[in-house]
Amino acid sequence: MTPSFATLPDLIIEPLVRAALLEDLGQSGDVTTRAVIPAETTYEARLNARDTGVLSGMQIARIAFHLVDPTLKIETLVQDGQPCTPGQTLMTIAGSAASILSGERVALNFAGRLSGIASLTASFVAETKGTDTRITCTRKTTPGLRMVEKQAVLHGGGYNHRYGLSDAILIKDNHIAAAGGVAAVLHAAKANVSHMMKVEIEVDTLAQLQEVLETGGADVVLLDNMDTPTLAKAVAMAKGHLVTEASGNMRRDRIAEVSATSVDYISSGALTHSAQTLDLGLDF
């Protein structure tokens, strides 16, 4: 099943784009363009794909150009979440040539980076074909860009894990060690957690998983760095009791065999920290 996603309001995204434009334009603006392009020059530019992939960041590119110059006429021809092919025109931008050139790099930086995430996510999702396993991201995102990088995962057909430290409890091995063990940490979570808050706990062994099942108090179990046969046993043990998530060394070439275990989710930090920028270009 392909997930649905809603477009984020421009109001939420705009501060990220504005900060990037301020970084690029500096104290004096685009001195090159101002020096060599007459102010009255107009043009229609085309944002084109130079590689095959899945798009993300078209909304951000539009915002970037409009922040530079609200009079620019922009038509988005291919929307976020849709595939693209080399040579395909994704967006046209018409109006002041100086304004288009001033917004070009920020628009392309966002769109290329986010389309790379969406494209890598889509390739992971393709490996789960025929199963109910879902691909999800992690918190291994670029500082300050988590919101749009997680949105890019959705554009690629994946799902989002918790957004940050405040919206779900995820008990990891260091928490377990500091709290005094699996049972102790789960008892503490049950005593302090809101009824609206989900609890996930990480386990490395089947013995730990058995202790989680006997203690109770968790909603999700993260099966960390298990080989595939062990993971299959863990999924069978947890079935009907806990939502299961496989994590650790989840490369694309492992996804098919891992999803065949019937695990509910596969999480991979690579979706956001190792995605290669999709080659997009602005052509005059």
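**Ground rules.** I'm working with a predicted model, where local features need pLDDT of at least 70, side-chain atom pairs count only at pLDDT 80 or more, and totals for chains, interfaces and linings use all residues. Residues are numbered from 1 along each chain as its sequence is written, and side-chain values use heavy atoms, with hydrogens and water left out.

I found an open sheet of four strands in the order 3-5-1-12, paired antiparallel. Strands here are DSSP runs of E with at least two residues, helices are runs of H or I with at least four, and both are numbered from the N terminus. Two strands pair if DSSP finds at least two bridges between them. Strand 3 (73-76) and strand 12 (280-283) sit at the edges with a single partner strand each, so one side of each has no neighbour in the sheet. From one strand to the next, the twist averages 15°; axes are lines fitted to C-alpha atoms (for helices, over the stretch in contact), and angles run from 0 to 180 degrees between N-to-C directions.

I then checked strand 3 against strand 5 (residues 89-96): four bridges join them. Glu 75 is opposite Thr 92 in strand 5.

**The serine.** I looked up Ser 268 in the loop between strand 11 (265-267) and helix 11 (270-273). Is Ser 268 buried or exposed? Ser 268 is buried, because its relative accessibility is 4% (buried means under 20% relative accessible area, exposed over 50%, partly exposed in between, with a 1.4 Å probe and protein chains only). Leaving out residues up to four places away in sequence, Ser 268 touches Phe 124, Thr 136, Cys 137, Thr 138 and Met 250 (contact means heavy atoms within 4.5 Å).
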